Amino acid sequence: MPDQIPGSNYRYVNRSVRKKDAMALVTGKPVYMDDITPSDCLVVKVLHSPHAHALVQEINTDIAMKVPGIEAIYTYKDVPDRRFTMAGQTYPEASPYDRLILDQRLRFVGDAVAIVAGENEKAVDKALKLIKVKYEVLEPVLDMHTAKDNKILVHPEENWQALCPVGADNQRNLCASAKDSKGDVDAVMEDCDIVLEHTYHTKPDSQAMMETFRTYTCMDLYGRLHIISSTQIVFHVRRIVANALDIPKSKVRVTKPRIGGGFGAKQSCVTEVFPAFVTWKTGKAAKLIYTRQESQIAGSPRHEMEVRVKVGAMNDGTIRALDVYTLSNTGAYGEHGPTTVGLSGHKSIPLYNGNMEAYRFNYDVVYTNVQAAGAYRGYGATQGIFAVESIVSELADKLHMDPVEIREKNMVRQGQTAMAYYNEKMTACALDRCMARAKEMFHWDEKPLARDMGNGKIRAKGVAMAMQGSGISGVDVGSATLKLNDEGFYILSIGAADMGTGCDTTLAQVAAECLECDLDNIIVYGADTDSSPYDSGSYASSTMYVTGKAVEKAAVELKGHICAIAAGMMECEEAEVEFAADRVRRADGTKEVFLKDIATKSMCGNREPVQVTVTHSSPTSPPPLMVGMAELEVDKETGAVELLDYVAVVDCGTPMNPNLTRIQTEGGLAQGIGMALYEDITYSKKGRILENSFMQYKIPSRLDVGKLRVEFESSYEETGPFGAKSIGEVVINTPSPAIAHAIFNATGVWHRELPITPEKILMGMMEKKA
């Protein structure tokens, strides 16, 4: 039974119920792609480029093809000359069509040179070593600062294409460029008492999900390409693979099993096109599983961004104007480049809408010869919030104001129209209550900004706010199919992808609440492009807000059909009956029929549908909001940081399942802490990633994240299911600025580049002393 939460009138909404797949996972049942696909298929591997920028002059596969067990080897000469994007986005994609399955021009260390398919891994590994390639090594563009209008073009090809007007120009190495403003920023700044300007830098962090990129492909009985992949975006994969292979979309079916983590990485088609091409050419089943090293060097990490922020304020702390410029590095290809960058401004500037008179937000997204970036939890907001929150903390220090007080004075509040957030009205905003609750939990007012502990360590505190969105307004689509079955149980079919988030469970909770039945009576099925209703996919924090609303609407519609059948059985008008959990009864109490009997009746002489599909899209994207407070100790001798306590208070509307919501928050906090303190990507002078394994790329363990304390201050969003907003992304956004703020309070040094390592802290303290 669900936990009984005081003050709630719901049976399943706002209840902590066990995940639908919990027992299968904890007992080790075969649920992931490599568990459920046959082993007697072709093994597919990719030969990766050793150069950041090169042309394939000659490639000889003759010797490699003689290896026993090798089925096929493909090069750029064998693939369609049709460009596409690997970004999983609603059509028409904002990301440019700039890829081929295999290209003669190689654009980063790790780019695909050839595809090898064989009967076993040993044969494929041997063949990979025997492929002879002569490269014309070209000068790469490795510095994003010099990429725009550089004489070296990452994409000089004539068939490069931008489907949407995002300011892209391959002849300028521009993936996207735009300007947005309201009010006279320069005039307002001129009239301010204090103006601060600084630049902040975030690295291309890797999602580091437990299950690496992997795909299985085969031909079905009807000559169609069936793709089973660890993906967040089954419907987008269908379109992308069809585009890449230049085949009809009707020839492609995509399904997903359980996913061992995605965090946005699997919103790009990193591995799908390679085995799909092998299967389409050979007719044989094929499987590609990227190693951890391949996932690190040829995956889809967070976009590296440099964010310049200028803030204008009065001496009393009133923030009147913000000016943000973001330079984003999309790498070798444009996946999600035009879309992530917008969030760096539109999800950071609105936090200070309270007294804002003017804002300006400009950006450029540039191509370089490094690993192509993609989607990562927070999707650009993470980078922008680190910058804006950091400069607000710096402003508070300059004004000798409490950093909480300056936020309370300027934060966006309920009922305001956020001009830098597409002029959306804040219909459900509990940011002020989040701050008040965090202060109480953290005992903020009782702790100094910093204090020397007398043991060589300095203890300090920091604070930050954050917001995100609930789907992409006017774009994202969620659908749900609900069907009444024998004995009165239901099938819920969805196209959203559960990747460990528990959406199969939370969407079932919505259905069970509406249909007044036990949760076990809701069987969840998805996601399959042949049988699931269309869904944009699990990204942009859209699943509960968008797809959840579709589930709620479908349940209401299905109840109407059930009542119509029952009215016929009781020989009365539909208006005279009411739905009552496992039965339908006449309002006067004289008759009733049970759901199982209605289900039986629906199978004989029935013209009333007992299966409904509802599609939902929202014109708005109500933001979830959050406050984070960090307490840490810095060792004065080594610069080492120990995170002692992290308090997070989140407004996600109505938490559908408090346990899962809390776990989502804790996981996001851990990733944010990793971004702030540990996770680093550096390149050699030739463009090679040095952190290509977990030996070099450091992610925090549970021992590194300290005590995490999470609470919720619920608002009620009328456009969401049962008042719910989103939770998935906002939770990663406060650790970086809160930790950077605390480290400043401990050391007197601002760190404007992540991660903030012990070496940087120690050097900063030494320079300050000098």
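**Cores and an open sheet**

The largest nonpolar core holds 103 residues, and Val309, Tyr352, Leu395, Leu431, Val627 and Met629 have the most contacts inside it. A nonpolar core here is a set of buried Ala, Val, Leu, Ile, Met, Phe, Trp, Tyr and Cys residues joined through side-chain atoms within 4.5 Å, where buried means under 20% relative accessible area with a 1.4 Å probe, protein chains only. Helix 10 (residues 381-399) gives the most to this core, with ten residues. A second, separate core has 52 residues, including Val270, Phe277, Leu288 and Ala527.

This is a predicted model: local features need pLDDT of at least 70 and side-chain atom pairs count only at pLDDT 80 or more, while totals for chains, interfaces and linings use all residues. Residues are numbered from 1 along each chain as its sequence is written, and side-chain values use heavy atoms, without hydrogens and water.

Valine 309 has contacts (heavy atoms within 4.5 Å) with residues including Leu196, His198, Leu322, Val324 and Ile391.

Four strands form an open sheet in the order 22-21-20-26, with mixed pairing. Strands are DSSP runs (E, at least two residues) and helices likewise (H or I, at least four), numbered from the N terminus; two strands pair if DSSP finds at least two bridges between them. Strand 21 (residues 490-494) pairs with strand 22 in the parallel sense over four bridges. Within this pairing, leucine 492 has valine 524 of strand 22 as its bridge partner.

Helix 14 (residues 543-569) packs on the sheet and touches strand 20 (478-484), strand 21 and strand 26.

Terms used:
Axes fitted to C-alpha atoms, helices over the stretch in contact; angles between N-to-C directions. Buried < 20%, exposed > 50% of the residue type's maximum accessible area, 1.4 Å probe, protein only. Lists of a residue's contacts leave out its neighbours within four places in sequence.
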